[in-house]
Amino acid sequence: MVRLLMKMSIKKQQKKLRGIKKMIRMASSRDAYGDKLIELGYKIPNLIVMDADLSSSTKTIKFKSEFPDRHFNLGVAESNLMLFAAGASLTNKIVFVSSFAMFATGRAWEMIRNTIAHDRLNVKIVASHSGVAVGEDGYSHQATEDIAIIRAIPEMKVFSPADAFEVQKIIEYIAYKPGPFYVRLSRENSPLFLDTYDDYEFQEGKFFQLSDGNDATIFSTGTVTYFALEAVEELKKIGINVRLFNASSIKPIDKDSIIKSARETGCILTVEDHNIIGGLGSAVSEVVSENCPVLVKRLGIPDVFGTSGKPKELFKLFGLTTDNIIENIKYLIKNKK
Amino acid sequence: MKLKIKGLFKFFSKEKDLRKYKEISYIRRLIINSVFNAGSGHPGGSLSSVELVYVLFDKYLKFDPSNPKWEDRDYFILSKGHAAPLLYTILSYKGFFDVKELETLRKLGSRLQGHPDALKVPGVEVSTGSLGQGFGVAGGIALGLKISGKSNKVYVLLGDGEIQEGSVWETAMACGHYNLSNLCAIIDVNKFQIDGKVENVMSVEPIEKKFESFGWRTIRINGHNLDEINNAYKWFLEEKSNKPAVIVADTVKGKGVSFMENRSEWHGKAPNEDEYKKATEEIERD
């Protein structure tokens, strides 16, 4: 009886989900990744996982407990981590590599560039702890340049999921798709919302549209996309209709959606937990300026280093909040041509 | 009678050696040719490794030029990727592609890039050029083979300057940790790097002690002496051990061309016409 009541209440919560803050379901991207790896481990016998002393944080430890012979810890040595992954992939292995985004991309960038990307190796780099959402650890562990530096490498594809549900979709996709990928995960638990869209699917090079409107467009990536969704719903209440895209496929990017939305809405806001230089904002601006120049405002980390604090406080400090998104949309609509 | 047979053996083995020395000279000539044609490239470190690579391909490495991705092949990785002229020469000499193609080295549109490109050249397992990376990839291949229960061997050639790279020691540590006994690293100790003598730029000795402390078995040889090279490869293949092996080979940078020998300026420079003629004459005389 109690169980039945609980089930009913969960269903109620799910129905009320959107827009009601109290009812937000939270889920961990990292755990979703670890769980998905186990599932894939059973399906794909030649899938192996490598980590660099952070398996309990990146959650590849889940895979290790299930497949101890297929998980390899390379110690605090990210350069060699990437090289070993590259080598193992040459012996017909599908290799998932994990560390913090800072070290996976920063420390080992040249290994990714010269070996993994150039030779199009079957190495899937899934990094956790991206952006200022890392929180208290401070700037040294907050990767706010990873999209920029990996996006600049030919052959690399860059995906940035918005919630735990999308993490699983993306991990499944890259496991079966040959070649190198970079997937950017967040440390913090974040709202689960994409599973409420019946028509959701992950497509490489395609953004998923979350709302329709012609007053402005938001392209948002990562867990902050939920703030954008909240902002869109608030704006709707005052008669402003904003088109919102979940821009998880940062490279390849969804040119068609960008160009079409630029034409039809006349202004664009980008939202990301990343430096405004080189990230989603830059990627969108590149497409807009070459095809259909309109006013673009980039919300993100304004080319400064992060700092210690609670993730929520840091989001507020850098304007990655529902309220600030609303303000920026109003500004854009006022100033667009 | 017994003596006569022994003499006959000696005669044949001398003939065999003669063939080998001729082939080795031929490879040196092709290296000089291709670098001269290209107008740039790295003759010094290509010439110092000739015997080490020649003996490996001649006798120990399992490969099939008509099927470069043959599943049972051994892997050879040139971590000192700047010795590309040597790798291309040996691959073409062994039939992976036409020797004539060596003339296209470093030219626009050629498969033979300044540093080896695995997407372009059959027989190149992984692209190298950025020092240290080939070594780590070799470790990863060895690990992949080991966990698949395969008996293929992995050989990787490094330079002594190259082991200044930090990632080399990350790799050395991991290979020791994972007991990659199917891996044989060969370090060409020619004692020179771009800026001068290795010992002056950043000393790397004692190399064997360093590797031993990282869990490797080691042997030090003269890298131009065919008997010593043979013994070293046999030692790797025959001695039972759970450790990765490193052959530390003392060589002469620019070996075979007197004016290139032990001169760091010939690390990455092509000979002009006069130098080319002189170099070719010297190699043929050998």
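Visitor: What makes both faces of strand β1 (residues 75-78) of chain B count as covered?
Guide: Tyr75(B) and Ile77(B) on one side, and Phe76(B) and Leu78(B) on the other, are all buried. A residue is called buried if 20 or more other C-beta atoms lie within 10 Å of its own, exposed if 12 or fewer do, and partly exposed in between, with C-beta atoms placed from the backbone. In a regular strand, side chains alternate between the two faces of the sheet. The model is predicted: local features need pLDDT of at least 70, side-chain atom pairs count only at pLDDT 80 or more, and totals for chains, interfaces and linings use all residues. Residues are numbered from 1 along each chain as its sequence is written, while chains are lettered from A and ligands numbered from 1 in the order in which they are written.

Visitor: How do you know that β1(B) is paired with strand β2 (residues 154-159) of chain B?
Guide: Strands pair if DSSP finds at least two bridges between them. β1(B) and β2(B) have four, in the parallel sense, and Ile77(B) stands opposite Val156(B) in β2(B).

Visitor: Which strands of the open sheet in chain B are called edge strands, and why?
Guide: The sheet has five strands in the order β1-β2-β3-β7-β6 (chain B), with parallel pairing. β1(B) and β6(B) (217-222) each pair on one side only, which puts them at the edges. From one strand to the next the twist averages 20°. Such angles run from 0 to 180 degrees between N-to-C directions, with axes fitted as lines to C-alpha atoms, for helices over the stretch in contact.

Visitor: Why is chain B called as compact as a globular protein of its length?
Guide: Chain B has 10 helices and seven strands. Its radius of gyration is 19 Å, close to the 19 Å that the globule rule gives for 286 residues, so the description applies. The radius is taken over C-alpha atoms, and the rule is 2.2 Å times the number of residues to the power 0.38. Of the 286 residues, 47% count as buried.

Visitor: Is Leu180(B) buried or exposed, and how do you know?
Guide: Leu180(B) has 26 C-beta neighbours inside 10 Å and therefore counts as buried. Leu180(B) sits in the loop between α6 and β3 (183-189) of chain B. Leaving aside residues up to four places away in sequence, Leu180(B) touches Gly139(B), Ala142(B), Leu143(B), Lys146(B), Cys175(B) and Pro244(B). Contact requires the C-beta atoms of two residues, placed from the backbone, to lie within 7 Å.

Visitor: What makes up the side of chain B that touches chain A?
Guide: The contact takes 22 residues from chain B and 20 residues from chain A. On chain B, the elements giving two or more residues are α5 (133-147) and α6 (166-177). α5(B) gives the most, with 11 residues. This side of chain B divides into 10 nonpolar, 10 polar and two charged residues. Ala, Val, Leu, Ile, Met, Phe, Trp, Tyr, Cys and Pro count as nonpolar, Asp, Glu, Lys and Arg as charged, and the others, Gly among them, as polar.

Visitor: How are α5(A) and α7(A) oriented to each other, and what makes that so?
Guide: Helix α5 (residues 78-89) of chain A and α7(A) pack at about 10°, with axes 9 Å apart. That makes α5(A) roughly parallel to α7(A). The cut-offs are under 35 degrees for roughly parallel, over 145 for roughly antiparallel, 65 to 115 for roughly perpendicular, and oblique for the rest. Ser79(A), Met82(A), Leu83(A) and Ala86(A) of α5(A) meet Met111(A), Ile112(A), Thr115(A) and Ile116(A) of α7(A). By class, this contact has six nonpolar, two polar and no charged residues.

Visitor: Why is Ile112(A) called buried?
Guide: Ile112(A) has 27 other C-beta atoms within 10 Å, so it is buried. Ile112(A) belongs to helix α7 (residues 109-117) of chain A. Residues up to four places away aside, Ile112(A) touches Met82(A), Ala117(A), Ile125(A) and Ile153(A).
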